[in-house]
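Work through the exercises below with the sequence and the model at hand. Each task is followed by a solution in steps.

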Amino acid sequence: MDQLEVRVPGPTPLPPQVRQALSRPMVSHRSQAFRDLLHGLDLRIRPMLGTQQEVLFLTASGTGGLEAAICNTIEAGDRVLSLSTGYFGERFAGIAARYGAKVDYLRARPGATVDAGAVAARLSTASFRAVLVTHSETSTGVLNPVGEIARVVNEASNRPLLLLDGVSSLGAVPLAMDTLNVDVVVTASQKAWMTPPGLAMVALSDRAWERASGCTSPRYYFDLAAARDSALRGETPWTPGVSLLYGLEAALGLMEAEGFERVTARHLRLAARVREGLVQLGFSLVAAPGFESPTVTAAYLPAGVEAHQLTACLERDFGIQIAGGQADLKGRIIRIGHMGYIGEDNVTNLLRSIESALALIREEVR
Ligand SMILES: Cc1ncc(COP(=O)(O)O)c(C=O)c1O
């Protein structure tokens with residue numbers, strides 16, 4: 001197979017325009033050309049996050065963005081409430097624990113989402129520095145109800161900060177960061193942003209910036225105040241992934257040309273098609289009905305087919321890469337990314353290939 005079609009939940013396929021932009025000649029990151037690039041990216045990405053705050057660009061994967069969110073707002077001894085709906089919720093909480101936070105968990109079984117009523121109840125029992133939530137939980141394919149969660153966090157006495165992992169949602173799912181009073185938002189280039197891995201985008205509310213100035217956790221590379229000071233001059237404190245920023249510029253151009261509303265509608269439509277197609281083929285969805293992520297679908301396999309058989313057959317015979325499960329769901333589910341550079345034809349081809357792969361596997365088993 002010459003070229004594989006990558007349908008894992010990140011990294012996602014690159015549009016030709018992005019691939020071309022990635023090969024542009026290098027420029028100095030202390031030049032006017034670079035300042036124009038960074039400044040433009042900040043202004044253009046803000047509406048997609050629903051914020052008027054600066055968007056900072058860190059040369060790091062999504063986990064680096066999550067670590068930056070934690071080490072700028074959480075310090076040893078802080079009490080933190082983790083709303084964990086899976087593997088990535090556990091990771092966010094794990095970072096906070098590593099910085100010495102006392103983490104309380106409100107966990108949901110795989111496929112369920114956070115219950116805002118339970119969050120309100122827990123917040124009324126103690127005072128927390130921050131609440132951590134994953135928007136699209138990539139390990140189970142659920143979309144947590146950020147609006148409802150933000151409402152109960154806003155109503156809590158001693159209001160905690162609300163930190164959102166939007167790594168696999170933003171760029172495909174709209175967010176009203178400022179209206180909802182979300183305090184820290186993190187996303188990453190290799191998901192709906194159609195850019196290779198290596199850029200984390202982070203935005204902070206005024207309250208989060210205030211907290212950052214008093215937060216004593218050690219940090220250097222991920223010192224967001226330093227990033228903001230530099231960003232005011234159109235720069236980054238350290239040498240940035242210049243090519244990735246060019247790639248992102250091209251990707252934003254495509255998203256703007258399509259229109260962000262149409263981008264989000266396309267994701268909803270294609271996600272529904274993937275789910276319907278999988279159910280017709282005998283899969284059952286991990287996500288509870290009504291809470292499915294528009295960017296990633298996780299599904300239990302039809303009887304008699306193992307996850308590793310399907311992923312291997314799809315790659316070998318159809319040139320399509322999909323993902324398996326993580327942690328407790330390893331070997332039990334498949335996960336499909338349908339975000340960024342994807343259209344109707346890709347979904348048709350994907351579902352047909354899965355159908356054929358299932359037939360081949362069953363044939364081999366007989
Ligand atoms: C929801 C979520 N959070 C965090 C991460 C971690 O990002 P990275 O692998 O870029 O460090 C991922 C990656 O899949 C993710 O889907």
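**Exercise 1.** In this predicted model, determine how helix H5 and helix H6 are oriented relative to each other.

Solution. 
- Step 1. Locate the helices: H5 covers residues 116-123 and H6 covers residues 146-155.
- Step 2. Take the geometry: the two pack at an angle of about 20°, and their axes are 9 Å apart.
- Step 3. Apply the cut-off: angles under 35 degrees count as roughly parallel, so H5 and H6 are roughly parallel to each other.

**Exercise 2.** Determine how helix H12 and helix H13 are oriented relative to each other.

Solution. 
- Step 1. H12 spans residues 307-318, and H13 spans residues 344-365.
- Step 2. Their packing angle is about 110°, with the axes 9 Å apart.
- Step 3. Angles of 65 to 115 degrees count as roughly perpendicular, so H12 and H13 are roughly perpendicular to each other.
- Step 4. H12 and H13 cross in a right-handed way.
- Step 5. On the H12 side the contact is made by Gln309, Leu310, Cys313, Leu314, Asp317 and Phe318, and on the H13 side by Ser353, Ile354, Ala357, Leu360 and Ile361.
- Step 6. The classes in the contact of H12 with H13 are eight nonpolar, two polar and one charged.

**Exercise 3.** Describe the two domains and the side of domain 1 that touches domain 2.

Solution. 
- Step 1. The domain assignment places 5-12 + 260-365 in domain 1 and 16-256 in domain 2.
- Step 2. The C-alpha centres of the two domains lie 27 Å apart.
- Step 3. Count the contacts: 26 residues of domain 1 are in contact with 27 residues of domain 2.
- Step 4. On the domain 1 side, the elements giving two or more residues are helix H11 (260-280) and strand S12 (296-300).
- Step 5. H11 gives the most to this side, with four residues.
- Step 6. By class, the side of domain 1 that touches domain 2 holds 15 nonpolar, nine polar and two charged residues.

**Exercise 4.** Which residues surround the ligand, and how do they divide by class?

Solution. 
- Step 1. Read off the shell: Gly10, Ser61, Gly62, Thr63, Phe88, Thr134, Thr138, Asp165, Val167, Ser168, Ala188 and Pro197 surround the ligand.
- Step 2. Divide the shell by class: four residues are nonpolar, seven polar and one charged.

Key:
Residues are numbered from 1 along each chain as its sequence is written. This is a predicted model: local features need pLDDT of at least 70, side-chain atom pairs count only at pLDDT 80 or more; totals for chains, interfaces and linings use all residues. A residue is near a molecule or strand if its C-beta atom, placed from the backbone, lies within 6 Å of it. Ala, Val, Leu, Ile, Met, Phe, Trp, Tyr, Cys and Pro count as nonpolar, Asp, Glu, Lys and Arg as charged, and the others, Gly among them, as polar. Domain bounds come from an automatic or database domain assignment. Two residues are in contact if their C-beta atoms, placed from the backbone, lie within 7 Å. Axes are lines fitted to C-alpha atoms, for helices over the stretch in contact, and angles run from 0 to 180 degrees between N-to-C directions. Angles under 35 degrees count as roughly parallel, over 145 as roughly antiparallel, 65 to 115 as roughly perpendicular and the rest as oblique. A crossing is left-handed if the near helix is turned anticlockwise from the far one by less than a right angle, and right-handed if clockwise.
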